[in-house]
Amino acid sequence: VQLQASGGGLVQAGGSLRLSCAVSGRTFSNYALAWFRQAPGKERELVARIIRGTGVTYYADSVKGRFTISRDNDKNTDLQMNSLKPEDTAVYYCAGSRVGGSSAASYDLWGQGTLVTVSS
């Protein structure tokens with residue numbers, strides 16, 4: 001299984017961006033797809049997670065109501081980010097796991113990072 005992330009860029013505060021993660025290879029119905037982010041000097045943190053088969057989602061408190069994670073029948077996952085804030089600035093990574101959870105250590109598949117910069 002491989003993950004390929006795309007999207008990201010520079011946006012003003014209050015704006016929107018959409019990140020996409022293309023999943024290739026075999027996955028399982030209970031496979032968890034997630035978006036993490038890592039800002040300079042900070043640890044990688046879970047932003048949102050979705051279980052591929054059930055569609056059950058989880059969001060970090062900091063992004064609830066602003067970000068939406070989704071997946072399509074082709075196993076890809078998107079992250080729609082609205083009302084962006086300067087503190088959302090980070091490198092965003094898509095990740096996959098049969099275990100799931102909130103810790104980056106639980107995810108064994110990672111896409112390359114994509115930079116999101118939100119200017120004030």
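## Overall architecture

How many helices and how many strands are there in the chain? This predicted model has zero helices and eleven strands, so its elements read β-β-β-β-β-β-β-β-β-β-β from the N terminus on. The radius of gyration is 13 Å, close to the 14 Å that the globule rule gives for 120 residues, so the chain is as compact as a globular protein of that length.

Along its principal axes, the C-alpha trace spans about 40 × 30 × 25 Å. Of the 120 residues, 42% are buried. Among contacts with a separation of 6 or more, 54% link residues 24 or more positions apart. The chain exposes about 6,100 Å², and carbon and sulfur atoms supply 46% of that area.

Let's look at strand S1, which covers residues 2-6. Leu 3 and Ala 5 form its covered face, while Gln 2, Gln 4 and Ser 6 lie on the uncovered one. In a regular strand, side chains alternate between the two faces of the sheet.

S1 runs antiparallel to strand S3 (residues 17-24), and five bridges join the two. Within this pairing, Gln 2 stands opposite Ser 24 of S3.

## A buried arginine

With a relative accessible area of 10%, Arg 66 counts as buried, because the cut-off for that is under 20%.

The side chain of Arg 66 reaches the backbone oxygen of Ser 62 at 2.8 Å. Leaving aside neighbours within four places in sequence, Arg 66 is in contact with Gln 80, Met 81, Asn 82, Ser 83, Leu 84, Lys 85 and Asp 88.

Note on methods. Residues numbered from 1 in each chain as written. Predicted model: local features only at pLDDT ≥ 70, side-chain atom pairs only at ≥ 80, totals over all residues. Heavy atoms only, no water. Buried < 20%, exposed > 50% of the residue type's maximum accessible area, 1.4 Å probe, protein only. Helix = DSSP H or I, 4+ residues; strand = E, 2+ residues; numbered from the N terminus. Pairing = 2+ DSSP bridges. Polar contact = N/O pair within 3.5 Å; in protein donor to acceptor, adjacent residues only side chain to side chain. Contact = heavy atoms within 4.5 Å. Rg over C-alpha atoms; globule rule 2.2 N^0.38 Å. Areas by Shrake-Rupley, 256 points an atom, 1.4 Å probe, with all protein chains shown as cover.
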